[in-house]
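The sequence and structure come before the details.

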Amino acid sequence: MQEVEQAKIEAKSQRILTGRLNQLCKEQDLTWKELSERSGVSLSSIRKIAQGKHCNINSDTMLKLCKVFKIAPYQLFDETPLRTEDR
């Protein structure tokens, strides 16, 4: 039972992360390739995250992405819409 709940939490986190990454790229008019170049995260990793195929994002990757978008790490997983003036 606990494993099922954990899987549900991970799946929801992945959906939020995927949605947020794509939203941020769209808002900042960035392609996945450009995000890769600016962040230093491999294009294959960016694709996996953006397509919802990457489950475990490490803290180094998360911080690199946040630096490009000028957001705090929690904002990658927050479902609240970002306000552009906060960035």
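Cys25 is buried at a relative accessible area of 4%, where buried means under 20%, exposed over 50% and partly exposed in between (1.4 Å probe, protein chains only). Two further residues are listed with it below.

| Residue | Relative accessible area | Class |
|---|---|---|
| Cys25 | 4% | buried |
| Cys66 | 4% | buried |
| Val41 | 5% | buried |

The structure holds 0 disulfides, a disulfide being a pair of cysteine sulfur atoms within 2.5 Å.

The model is predicted, with local features needing pLDDT of at least 70 and side-chain atom pairs counted only at pLDDT 80 or more, while totals for chains, interfaces and linings use all residues. Residues are numbered from 1 along each chain as its sequence is written, and side-chain values use heavy atoms, without hydrogens and water. Mean pLDDT (the predictor's confidence in each residue, from 0 to 100) is 87 for the chain, and 90% of the residues reach 70 or more.

Val41 sits in the loop between H2 and helix H3 (43–50); helices are DSSP runs of H or I with at least four residues, numbered from the N terminus. Leaving out residues up to four places away in sequence, Val41 touches Ser36, Ile46, Thr61, Lys64 and Leu65, contact meaning heavy atoms within 4.5 Å.

H2 and helix H4 (residues 59–69) pack at about 105 degrees, their axes 9 Å apart. They are therefore roughly perpendicular, a class that spans 65 to 115 degrees. Leu35, Arg38 and Ser39 in H2 meet Lys64, Leu65, Val68 and Phe69 in H4.

Note on methods:
Axes fitted to C-alpha atoms, helices over the stretch in contact; angles between N-to-C directions. Helix = DSSP H or I, 4+ residues; strand = E, 2+ residues; numbered from the N terminus. Parallel < 35°, antiparallel > 145°, perpendicular 65-115°, else oblique.
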